[in-house]
Amino acid sequence: MSCLPRLPVCRQTLLATAVALLLTACGGGGGSDTAPSPGAQGAARTDSQNGSQPAVNPLRPGTGSASATPAGSTDASGHQADVWARHDASNSPAGNDRSDVQKAVSSGGIAYPDWTLGSRREASRFLAQASFGPSPSDITTLTGSTANAWIEQQFGKGGTSLVNIMNTWQARRGNDRKLQDTHDAWWYATTQHDQLRQRIAYSLSQTFVVSSSGDASHYPKGVASYYDMLARNAFGNFRQLLQDVTLHPMMGVYLTHIGNQKERYNSAGELTQAPDENYAREVMQLFTIGLEQLNTDGSIKKDGNGRPIPTYSNDDVMGLARVFTGLSWSGNARSHGCFFRTSACLDALKDAEMRPMVTYDQYHSTLEKRFLGKTIAAGSSSTMGDITVALDTLFNHPNVGPFFGRQMIQRLVTSNPSPAYVKRVASAFNDNGNGVRGDMKAVIRAVLLDPEARNTTARQQAGWGRIREPLLRFTHLMRAFNATSLTGNWPLGITEVPGNLNQTAMRSPSVFNFYRPGFTPAGTPIAKAGLVAPEMQILHESSVAGYADYLDRFVGATSPCLVGLGNMIADPGNTQCGEKKREIRLDIDSLLNKAGDIDALIDEIDVLMLSGQMQTNTRQTIRNALNTIQYNYRRTDENTRNIHRRRTSLALYMALLSTDYLVLK
């Protein structure tokens with residue numbers, strides 16, 4: 001293909017090519033969901049009765065000492081961030097051991113190869129897996145260092161709080177927080193220093209789904225608080241996470257167990273109201289154990305007739321639904337008005353969307369509760385006592401390790417991990433090497449430091465890797481080109497329509513996330529090979545064309561006034577740009593400075609955006625297109641700058657539409 005200087009015409013051709021290529025791979029829509037979708041767990045810091053329940057000890061469920069409490073700090077942009085001081089010096093790599101296998105870190109007890117990232121390409125690839133995208137400075141810092149050391153350093157970083165960002169904006173602007181602010185705060189957080197924590201939180205948000213597209217949209221602070229809770233638990237314990245998720249009011253709103261009541265009977269003794277079963281079903285199916293019993297390597301257990309063995313029955317759902325009765329808003333009293341959030345209790349419920357739900361025992365079922373082989377006798381326990389038994393039972397189920405572990409691998413590294421890879425991660429979940437179950441740090445190390453994630457053998461296989469979902473493509477852009485917001489408000493907001501990104505964080509269309517972990521595009525080579533491609537579930541004609549057009553708006557512009565993200569805003573005095581600029585600016589000077597040498601420009605884009613994955617044919621296609629953009633005979637400074645901008649714009653646009661970029665190997 002050759003691109004004439006009439007760039008819009010060329011881009012129409014590129015767009016048509018991109019649509020054809022991607023939809024051929026996808027099979028034109030449709031598909032099936034055959035693989036189990038993993039879940040996750042944890043335990044709460046706030047008792048429903050007194051607000052001070054100790055953190056759960058995974059060795060002895062229901063006991064233990066309280067975890068560290070958040071402490072406020074202020075980042076370089078003036079945004080206050082919650083810092084969770086959970087780093088211990090013993091978690092760092094031991095000494096300067098440079099042997100093939102580093103000494104086991106004392107917090108985990110599992111030894112991993114000391115993975116030195118010897119080139120900018122390797123550093124870029126690792127950051128593409130473990131963060132919201134590599135930045136030039138991070139690539140430089142990490143090159144020659146180890147992935148192991150970076151992970152341990154990230155474990156020691158405090159967390160950026162969406163709620164605190166929103167509070168800062170409210171104080172500056174003097175208006176109430178809106179749902180737009182929640183999503184803008186998320187975009188801002190993706191650019192901050194705590195990359196691994198935020199990246200894991202985003203992965204968890206796609207398992208423990210709460211979406212602002214439903215009733216939760218009425219609680220902008222609550223949705224932000226829920227995401228902060230996931231970030232706070234990202235390096236903690238799965239058991240703690242599961243309880244925090246269960247008790248968060250936004251999960252209660254989204255899966256309707258807030259205000260869930262015990263059974264009701266009429267005067268004839270007939271059942272007129274049964275407990276809501278929504279959360280009871282999803283906490284098993286999507287969050288913890290899935291639909292079918294699994295071996296440690298994630299393979300499905302079969303009965304004597306070769307049929308999958310289910311993990312639970314409808315009777316288990318009914319029994320567990322009784323457990324999750326009697327939870328509601330945290331007010332100043334366990335009153336009828338606070339339980340049902342009536343006007344009589346609204347003042348007491350201020351900011352209750354950010355506080356864990358509390359127990360109202362008068363609304364809790366006292367009937368016998370049978371689930372997953374466990375029986376709680378009738379009338380023998382309290383609301384919180386029953387919940388503790390239920391969450392302990394789920395946490396200790398043998399399915400959780402492979403179920404959750406496989407999904408974490410899919411989110412960060414590859415859609416089709418080998419059974420051996422899944423087994424190694426599940427084993428780290430089951431025991432971090434020191435007898436602790438559910439250690440999130442151990443899981444993260446196991447996912448990112450596994451030989452299949454780091455060596456070159458696995459990635460050379462045709463079925464290896466994952467598709468970059470639209471949101472992660474744009475967070476990558478922001479980090480790669482040091483995005484800054486002219487107003488400090490980061491107004492990218494909601495981008496879920498197909499004409500934009502077809503995706504917005506914390507705004508999936510259902511509890512099943514944007515896509516299912518086991519989705520396979522029907523009628524494709526992927527399906528014939530028995531593989532999955534989860535992100536292809538949101539890939540169709542409109543979304544592919546929308547992404548190409550959306551990308552063109554922000555990186556395809558040949559004017560320096562237009563390159564960036566967001567809307568055009570007033571920029572008084574900037575006559576060169578008609579007194580307007582993009583709200584979120586991208587600094588592409590590093591590319592412009594190389595645009596005089598086409599191969600050097602392509603090389604830089606290859607490392608920064610494609611982690612060195614650009615294939616020869618892709619490189620030649622881009623080179624041919626750029627060679628059509630030549631200096632004219634006058635060769636003035638202005639002409640040179642214009643040529644360099646056009647080359648940079650077109651090269652970046654073509655690279656980001658290529659399958660070499662869209663599939664991270």
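Helices, as DSSP runs of H or I, have at least four residues, and strands, as runs of E, have at least two. On that basis the protein, given here as a predicted model, contains 27 helices and 15 strands. Of its 665 residues, 57% count as buried.

**Overall fold**

- Among contacts with a sequence separation of 6 or more, 71% join residues 24 or more positions apart.
- The protein exposes about 24900 Å², and carbon and sulfur atoms supply 50% of that area.

**Helix pair H9 and H14**

- Two packed helices are described by the angle between their axes and by the distance between those axes.
- Helix H9 spans residues 238–247 and helix H14 spans residues 383–395; their axes lie 10 Å apart, at an angle of about 135°.
- Because angles over 145 degrees are needed for roughly antiparallel and 65 to 115 for roughly perpendicular, H9 and H14 are oblique to each other.
- The crossing in which H9 passes H14 is right-handed.
- On the H9 side, the contact is made by Phe 238, Arg 239, Leu 242, Gln 243, Thr 246 and Leu 247.
- On the H14 side, Met 384, Thr 388, Leu 391, Asp 392, Leu 394 and Phe 395 take part.
- By class, the residues of the contact between H9 and H14 are seven nonpolar, three polar and two charged.

**Helix pair H24 and H26**

- Helix H24 (residues 598–610) and helix H26 (residues 637–657) cross at roughly 40°, and their axes come within 10 Å.
- H24 and H26 form a right-handed crossing.
- H24 contributes Ile 598, Leu 601, Ile 605, Met 609 and Leu 610 to the contact, where they meet Arg 647, Thr 648, Ala 651, Leu 652, Ala 655 and Leu 656 of H26.
- The contact of H24 with H26 comprises nine nonpolar residues, one polar residue and one charged residue.

**Ala 480**

- Ala 480 belongs to helix H20, which covers residues 470–480.
- Its relative accessibility is 2%, and Ala 480 therefore counts as buried, the cut-off being under 20%.
- Ala 480 and Pro 136 are 344 residues apart in sequence, yet their C-alpha atoms are 6.3 Å apart in space.
- Leaving aside residues up to four places away in sequence, Ala 480 touches Pro 134, Ser 135, Pro 136, Leu 608 and Met 609.
- Met 609, one of these partners, is also among the H24 residues that meet H26.

- Most residues other than glycine have a negative phi.
- Met 506 has a phi near 60°, a positive value in a residue other than glycine.
- Met 506 lies in the loop between S11 and S12.
- With a relative accessibility of 7%, Met 506 counts as buried.
- Asn 513 is placed in the loop between strand S11 (484–485) and strand S12 (519–520).
- The phi of Asn 513 is near 70°, which is likewise positive in a residue other than glycine.
- Asn 513 has 5% relative accessibility and so counts as buried.
- The residues touched by Asn 513, not counting those up to four places away in sequence, are Gln 206, Val 209, Arg 411 and Ser 508.

Methods. Residues numbered from 1 in each chain as written. Predicted model: local features only at pLDDT ≥ 70, side-chain atom pairs only at ≥ 80, totals over all residues. Heavy atoms only, no water. Buried < 20%, exposed > 50% of the residue type's maximum accessible area, 1.4 Å probe, protein only. Contact = heavy atoms within 4.5 Å. Axes fitted to C-alpha atoms, helices over the stretch in contact; angles between N-to-C directions. Parallel < 35°, antiparallel > 145°, perpendicular 65-115°, else oblique. Left-handed = near helix turned anticlockwise from the far one by under 90°. Nonpolar A, V, L, I, M, F, W, Y, C, P; charged D, E, K, R; others polar. Areas by Shrake-Rupley, 256 points an atom, 1.4 Å probe, with all protein chains shown as cover.
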